[in-house]
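Let's take a walk through this structure together. Have the sequence and the 3D view open side by side, and follow along.

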Amino acid sequence: MMTEHKMPDIKTYVIVFLALVGLTFFTVYSALNWHVKLGPLDLNIILAIAIACTKAGLVIAYFMNLKNSSKLAKTWAGAGLFFLLIMFVFGLSDFVSRWFTVEGW
Amino acid sequence: MSAATTSQHKGSVNYLNCDYSLKSWLTTLDHKRIGLLYLIAILIFFLIGGSMALMIRYELLTPEGDFLMSDTYNKTFTMHGVALIFFFLIPSIPAVLGNFLLPLMLGAKDVAFPRLNLLSWYVFMAGATLGTIALVAGGVDTGWTFYTPLSSTFAHGAVVLAVSAAFVAGFSSIMTGVNFIVTIHMMRAPGLTWSRLPLFVWAHYATSLIQVLGTPVIAITLFLVGVERAIGIGIFDPKLGGDPVLFQHLFWFYSHPAVYIMILPGMGVISEVIACFARRRIFGYDFVAYSSLAIAVLGFFVWGHHMFVSGQSMYAGMVFSVITFLVAIPSAVKIFNWTATLYKGSIHLTAPMLFALSFMGLFTIGGLTGLFLASMAVDIHLHDTYFVVAHFHYVMVGGQIIAFLAGLHFWWPKMTGRMYPEGLGKLSALVTFIGFNLTFMPQFILGYMGMPRRYHSYPEEWQVLHVLSSAGASVLAAGFLLTIGYLIWSLWYGEKASANPWGAKGLEWQVPSPPPTENFEGKPIVKEEAYHYSPELHEEEKEYEHV
Amino acid sequence: MSEAHVSDTHLPVAHQFEDEEQQFQSYSLGMWVFLAQELLFFGGLFTAFIVYRHMYFDAFVAAHHKLDWKLGGLNTLILLTSSLTMALGVRTAILNNYKATIGWLLATCALAFGFMGVKYVEYSSKIAHNLWPAGDFVFKQEGIDAGGAQIFYGLYFTMTGLHGLHVLVGILIMGWLVFRIYFKRKEVVDYIPIELTGLYWHFVDLVWIFLFPLLYLIG
């Protein structure tokens with residue numbers, strides 16, 4: 001039995017690579033030159049994380065070819081991410097709420 | 001490797017008698033042999049950890065700390081925990097019975113990655129060696145939890161060696177998990193759909209999920225402790241403003257789900273044994289199957305309940321407490337469904353069945369007392385008392401070890417080709433049940449009265465309960481030694497086992513005992529649901545086609 | 001965007017598998033499960049980073065200004081390029097063009113060495129400036145908690161150190177692959193190990209994609 005492989009062509013690889021490089025320059029530029037704050041929110045970190053997530057998505061979808069991988073592989077990649085987020089969210093929930101005070105308690 | 005000498009059956013070549021050399025065992029890629037290698041390895045750690053348990057109990061016979069000095073006592077209970085958790089309970093059912101049975105139950109020739117499987121055993125042995133060196137080189141007195149800053153700054157002894165041992169053994173666990181996940185997904189025989197899988201397989205899938213996604217977190221956490229102690233990079237160091245509670249978060253992110261590594265495979269065993277000896281399909285198969293996954297996933301949301309009194313935010317504690325109560329639902333689903341399976345079943349009280357019934361009772365007590373501890377207010381009183389000790393021993397010993405024994409007896413004929421002596425098996429089930437309850441029931445009362453864990457002296461009025469508990473430990477030890485004794489005896493003198501002595505369903509019973517190296521002649525095709533039992537206990541015809 | 005390629009060559013099938021397809025899917029799934037594990041391994045460190053950044057925000061911002069974003073950015077570009085060469089290496093392996101595969105793998109290795117070289121320069125300069133968190137750590141700045149800064153550098157060295165360790169392991173595996181293809185080449189290049197190594201290497205790149213902004217740009 002022969003195995004069928006779907007994979008991106010060279011042009012796609014190069015475009016993705018250029019996009020990754022472009023995003024790298026963008027994240028450096030924005031971190032050095034923009035200092036935008038929206039109330040207590042620091043927009044710089046949100047932007048930087050958003051760019052990093054975009055880059056990660058490109059690498060995963062094209063370089064790692066998850067786009068053309070089996071549903072199972074996608075599910076397990078998702079499971080890794082899901083449990084990572086649980087660790088972040090539930091872990092941080094302690095540290096942000098530790099000094100909350102409620103009137104009368 | 002004594003098992004290799006058991007099968008004298010002329011003419012039939014099986015996985016045990018195909019090659020007797022030591023080299024053939026140490027380089028084997030056969031999942032069945034690797035299962036036996038694990039069995040021998042964990043037996044050693046069971047004996048080490050078990051004898052430490054006895055030393056702890058003998059120290060507690062008298063109110064004064066006289067048999068073990070406080071330092072030795074601390075090291076003893078630490079190594080008791082490390083040996084039995086990392087080197088016995090976690091690999092017990094998955095690495096021994098799981099390794100042996102998964103490919104057989106799935107109708108496969110082997111696991112997906114046999115070389116990775118063998119590597120996992122060697123990695124386990126490397127971790128085990130480090131652990132043994134840590135024990136000999138001065139021991140560790142931090143408790144198996146390695147809490148900082150005690151472990152990173154103040155503790156005496158071989159902390160770095162001990163955390164390395166757990167770190168290395170963790171990777172063995174991850175390898176087993178990866179192997180099982182891929183095996184269950186990719187290696188099932190034609191016709192063996194998810195809804196026809198034995199519940200043992202479902203339970204192992206859930207276990208592997210925890211092994212793969214939880215273990216790396218404790219690996220990195222123990223790595224940070226090791227780095228802090230050995231090099232001095234203080235991530236958790238309070239002197240710099242580091243937060244020891246962060247260590248506890250990361251530690252319990254793994255170690256709470258790991259508690260379910262130490263119960264889920266046992267539940268899988270119980271499902272098989274109960275269905276076989278009640279001669280009925282498991283009641284509510286789907287619910288029992290999905291409850292395994294539910295326990296595994298929910299297990300990742302509840303770790304904060306170990307830190308109610310550690311300075312964790314009260315609000316986070318409330319959330320963790322509520323979710324902890326939810327774990328009771330899938331656990332209860334299992335217990336209720338097993339009970340419903342027994343109802344109007346044709347029950348045969350063999351030794352594995354007696355162990356399984358004792359599991360149901362003990363696990364129920366262990367699980368329900370967990371709810372006491374999940375309530376924040378009650379936990380403030382009970383935290384770090386013998387109530388906690390009794391609770392988790394009811395789950396780990398009364399649950400996993402009893403289930404391991406049930407499974408070992410149930411599949412012993414398949415693994416070795418020999419029957420264990422049935423009378424002694426029943427006696428052992430009885431003795432362990434009595435010994436276990438005598439050991440740990442008094443500890444609930446002691447804990448409720450305020451006896452803290454990890455102390456070697458106590459006020460005199462508690463002596464009666466402590467003496468009862470220590471007496472129970474001796475009975476329990478006698479039960480375990482009896483079991484080990486007659487199982488080894490049966491390797492040579494046991495009655496020869498047929499392919500399917502219990503008339504059980506499942507592909508593993510369709511091959512000879514012991515199975516040939518390649519497991520199946522041809523490829524089995526599955527045409528019916530799991531546990532398609534008729535009420536009578538007899539050897540049945542082959543019901544699976546082979547092509 | 002994507003092209004389908006049917007491999008007309010036959011790989012040896014290990015005894016536990018039925019056919020090439022099952023074998024390939026098993027290895028691929030196994031690698032993704034392993035990477036999920038790797039994600040949580042680094043995830044523990046990222047959790048620690050998030051928590052401490054929340055607790056010692058000012059110290060983290062002050063401390064990160066002493067890292068050289070230019071070197072970090074250079075390393076980002078190096079790793080991204082190595083990801084491209086790796087992807088092309090995997091592609092040529094599947095197309096059974098073994099000479100090109102060796103070339104791309106060696107290029108990836110060279111870039112990996114470049115990455116480690118830049119790291120070496122960075123580490124020595126940090127240690128020379130007393131920023132090694134286990135030695136005589138000195139961080140004096142008005143209104144800044146030196147302990148928080150020391151934790152920042154503790155995390156910086158453990159995170160980049162473990163990442164660097166993964167790079168080194170990647171170099172070893174690629175060296176072994178090149179050796180295997182060059183000396184033990186049979187009729188067909190067994191592309192599965194190369195594809196799995198590719199997945200591993202891209203994962204190493206992924207970790208750096210997050211380390212770079214967190215450590216060098218926004219503290």
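Start with a kink. Helix α14 of chain B, residues 386–416, bends by about 45° at Phe410(B), and a proline, Pro413(B), follows within four residues. The bend at a residue is the angle between axes fitted to the seven residues ending there and the seven starting there. Helices (H or I, at least four residues) and strands (E, at least two) are DSSP runs, numbered from the N terminus.

Before going on, a word on what you are looking at: this is a predicted model, in which local features need pLDDT of at least 70, side-chain atom pairs count only at pLDDT 80 or more, and totals for chains, interfaces and linings use all residues. Residues are numbered from 1 along each chain as its sequence is written, while chains are lettered from A and ligands numbered from 1 in the order in which they are written.

Back to α14(B). Is this helix mostly covered or mostly open? It is mostly covered, with 30 of its 31 residues buried. Buried here means that 20 or more other C-beta atoms lie within 10 Å of a residue's own; 12 or fewer makes it exposed, anything in between is partly exposed, and C-beta atoms are placed from the backbone. Just past the helix, Gly417(B) takes a positive phi of about 80°.

Glycine isn't alone in that. Most residues other than glycine have a negative phi, and most peptide bonds are trans. Still, Lys344(B) has a positive phi near 60°, and you'll find Lys344(B) in the loop between α11 (314–342) and α12 (351–374) of chain B. Asn519(B) also has a positive phi, about 70°, and sits in the loop between α16 and β1 of chain B.

Now for the peptide bonds. One cis bond joins Thr148(B) and Pro149(B), with omega about -5°, and Pro149(B) lies in the loop between α4 (114–136) and α5 (150–154) of chain B. Another cis bond joins Ser513(B) and Pro514(B), with omega about -15°; Pro514(B) is in the loop between α16 (463–493) and β1 (524–525) of chain B.

How confident is the predictor about chain B? Its pLDDT (the predictor's confidence in each residue, from 0 to 100) averages 92, and 96% of the residues score at least 70. Over residues 541–547 of chain B, pLDDT stays under 50.

Finally, turn to chain C and its neighbours. Where does chain C meet chain A? There, 47 residues of chain C are in contact with 45 residues of chain A, contact meaning that C-beta atoms, placed from the backbone, lie within 7 Å. α1(C) gives the most to that side of chain C, with 18 residues. On the other boundary, 31 residues of chain C are in contact with 31 residues of chain B. The largest share of this side of chain C, 17 residues, again comes from α1(C).

Terms used
Two residues are in contact if their C-beta atoms, placed from the backbone, lie within 7 Å.
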